[in-house]
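Me: Let us look at this structure together. I will ask, and you reply in short steps.

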Amino acid sequence: MFTPEMLASAKKVEATRAQRIGMEPRRMTADEKDRLLEEFHPDYKMDSFDVLQIGPNKGDKVPKELAALLQANSRVQGLEFDLERPDYDVDVLIIGGGGAGASAAIEAHNGGANVMVVTKLRIGDANTMMAEGGIQAADKANDSPAIHYLDALGGGHYANKPELLKKLVTEGPGAVKWLNDLGVMFDKAPDGTMITTHGGGTSRKRMHAARDYSGAEIMRVLRDEVWNRGIPVVDFTAAVELILDEDGRAAGAVLQNMETGEYRIARAKTVILATGGAGRLHYQGFPTSNHYGATADGLILAYRVGAKLLYADTLQYHPTGVAFPEQIFGALVTEKVRSLGAMLINSEGEAFMHPLETRDVAAASIIRECKARGKGVETPEGCGVWLDTPMIDMIHGEGTLEKRIPAMLRMYLKYDIDMRKVPILVYPTLHYQNGGIDITVDGQSGVENLFVAGEAVGGIHGRNRLMGNSLLDVIVFGRNAGQNASAKAKTVKNGKLTLRHIEAYAKEMEEAGIVSDKVSPLLLPTYTHGRAKWQAEK
Amino acid sequence: MEKMVNVFLFGKKYSVPAGLTIMGAMEYAGYKLVRGCGCRNGFCGACTTIYRIKGDNTLKFCLACQTTVEDGMYVATLPYFPIVKPLYDMEEVRPDEQIMMQLYPEIYKCIGCNACTKACTQDLKVMQYIAHAQRGEYEKCAELSFDCVMCGACSARCPAEISHPQVALLARRLTGKYIAPEAKHLTQRVRDIEHGDFTQLLEDVAAKPIEELKELYNHREIESDTATAPTDED
């Protein structure tokens with residue numbers, strides 16, 4: 001439970017609550033936002049980035065932790081494989097079993113392809129499963145794809161690739177309908193109207209949800225659909241290196257069983273990378289809301305075969321990660337809490353910002369409150385501000401919080417914190433990889449026959465993603481990649497397979513004077529919870 | 001000095017800091033998890049765990065990522081449990097009573113012991129939602145089972161060998177697809193988009209120079225948040 005200092009501050013929050021109901025804090029001007037981001041957003045902390053010395057993005061800055069993995073040694077360097085006798089031989093190989101991988105699998109299957117999914121954990125162990133808040137789609141009368149476009153473009157600092165964003169917003173309603181028809185239970189009014197709310201930076205209420213299990217509901221339906229179709233899913237198997245053919249086109253992957261260490265070769269006519277994000281790299285020491293396997297593997301695999309990255313220097317720190325209790329430090333508190341009216345309040349009981357600014361602005365604003373203004377609340381892990389959750393039932397009526405965000409309520413009740421009655425402490429947590437592998441609108445990377453979908457893609461969201469556009473993107477671009485990869489597979493004749501790129505990349509590293517003691521992709525993080533690492537490792 | 005507690009991981013004793021989750025305790029002890037660890041946030045059901053506290057006969061089920069260690073805790077993980085998943089075509093099935101009889105006949109062997117409910121790591125009324133499934137009340141089954149993370153603890157305890165999470169998933173898919181009322185505005189919007197009704201509007205906006213887009217964005221009208229608040233719930 002809360003410390004006495006926390007309780008004293010919570011009293012101040014309680015004292016101002018009634019007068020805050022019905023009032024709307026001022027939104028920041030464009031200039032105010034720019035200055036705030038420059039001073040306090042982690043993306044602007046230059047000493048946390050390194051400049052890449054080799055590869056397609058030579059000269060670009062990326063987070064230090066990512067640079068170390070991009071410029072590291074292959075896991076299979078020096079090993080010999082008989083690539084002409086593959087263990088798996090398929091049309092479409094999908095690497096990753098989250099929302100994008102599953103959507104791609106379903107569509108590739110629809111396209112008549114012989115498709116296989118490999119995933120290093122289980123299908124569904126992915127950030128999609130943990131997306132709580134919802135999925136955007138412009139399907140209400142006062143809304144349109146054009147309005148959705150403008151919201152996402154402004155939120156993304158005008159850096160979104162227009163053709164990708166156009167596709168995202170145009171196919172939004174179709175994606176939600178596709179999910180609905182697969183049996184996803186969206187929150188609906190009795191007449192069938194979708195219940196929609198705002199997200200940070202939206203100008204229309206277009207956030208569709210399934211309570212606060214939105215991603216989980218979508219993921220378990222997609223997974224069930226993959227199973228129902230009999231699509232082979234090879235789980236606990238990581239892709240550790242892509243395989244090209246002699247013309248430099250993607251043609252398979254070296255796989256490794258996560259438990260036995262055994263290598264397997266998969267040959268494919270087309271490959272879809274749907275490997276997700278990078279939260280488990282803990283950039284700048286931030287905690288993360290991401291799943292256990294979010295280690296940017298796809299970026300490493302693609303970069304090594306020559307695919308270009310886009311905006312790999314922009315990360316999303318979700319403004320409301322759990323700051324207390326420490327057991328769930330960094331876990332996500334869905335933005336839906338703010339969509340439903342809860343305000344961000346400092347230690348003095350002041351609403352220091354509009355609760356529905358975009359995520360980058362909200363995160364920077366919370367960091368400023370704690371670091372520069374001294375109006376944060378001290379926690380065992382550092383600092384936090386209040387998210388005034390009791391406002392929700394006061395605004396919408398008793399029972400709303402339990403009905404609309406049951407996962408949050410359950411998570412906190414395990415630690416005897418009843419968020420209906422007391423506010424909760426939050427601080428930004430590493431949440432999303434805005435950038436990723438550069439693709440064209442067909443889903444293909446710069447390497448022919450290498451398609452990418454989901455969080456591993458860069459460019460759709462520019463330099464900052466809006467809430468609810470990620471679940472949308474995994475569906476729209478997952479399906480797109482599945483459709484195009486299966487169509488393309490029909491035209492491909494596999495040439496001779498090769499892993500020559502590994503030597504070539506090693507040589508490039510050597511010539512640039514890079515000496516690394518790391519191998520990549522990382523696959524999984526190592527945690528020891530404060531116990532000295534040498535003790536924990538054999 | 002940090003307060004330490006003794007936990008017994010698969011029977012072996014380890015001393016770990018009192019504030020850790022069971023998952024954290026395993027990692028502190030030196031385990032590098034591959035199985036039994038997924039989202040680490042209580043959504044994926046990978047870290048199903050069984051424990052007893054020394055001196056207490058009660059067998060408890062939990063998610064290792066969501067449960068704090070206690071002194072004298074005897075822990076076994078259940079990273080996989082074979083539950084039955086028959087294949088079906090969502091376009092073919094219908095929300096009638098026959099479908100459960102066909103796909104999950106074992107649900108009618110429920111003996112009402114309530115072990116499933118007691119084992120649920122999400123505190124759901126599992127036996128109750130199975131009863132709804134038996135009666136073809138899929139909407140009620142879906143409602144009660146909605147927060148299921150499919151960890152399988154219920155199935156592990158069930159003497160009737162029911163695969164509760166899969167039964168519930170079918171009920172939810174039937175509800176989402178066939179029982180819940182159609183979102184007519186969505187159907188219409190998809191049709192209009194396919195018809196090209198929104199294409200020009202979007203192209204016009206996308207073609208504008210950045211400075212103009214900034215003006216548009218900074219001065220766009222934002223739908224009031226308070227207007228519809230009380231009416232969007234039934």
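**Sheet, interface and domains**

Me: Which order do the three strands of the open sheet in chain A take?
Reply: This is a predicted model, where local features need pLDDT of at least 70, side-chain atom pairs count only at pLDDT 80 or more, and totals for chains, interfaces and linings use all residues. Residues are numbered from 1 along each chain as its sequence is written, with chains lettered from A and ligands numbered from 1 in the order in which they are written. Strands are DSSP runs of E, at least two residues, and helices are runs of H or I, at least four, numbered from the N terminus. In chain A the pairing is antiparallel, and the order is 6-8-7.

Me: Why is one side of strand 6 and of strand 7 of chain A left without a neighbour in the sheet?
Reply: Strands pair if DSSP finds at least two bridges between them. Strand 6 (135–136) and strand 7 (196–197) of chain A each have a single partner strand, so each stands at an edge.

Me: Which helix gives the largest share of the side of chain A that touches chain B?
Reply: Contact means C-beta atoms, placed from the backbone, within 7 Å. By that rule, 77 residues of chain A meet 67 of chain B. The largest share, seven residues, comes from helix 8 of chain A.

Me: What distance separates the centres of the two domains of chain B?
Reply: An automatic or database assignment sets the domain bounds. Chain B has domain 1 (4–77) and domain 2 (97–179). Over C-alpha atoms, their centres are separated by 27 Å.

Conventions:
Two residues are in contact if their C-beta atoms, placed from the backbone, lie within 7 Å.
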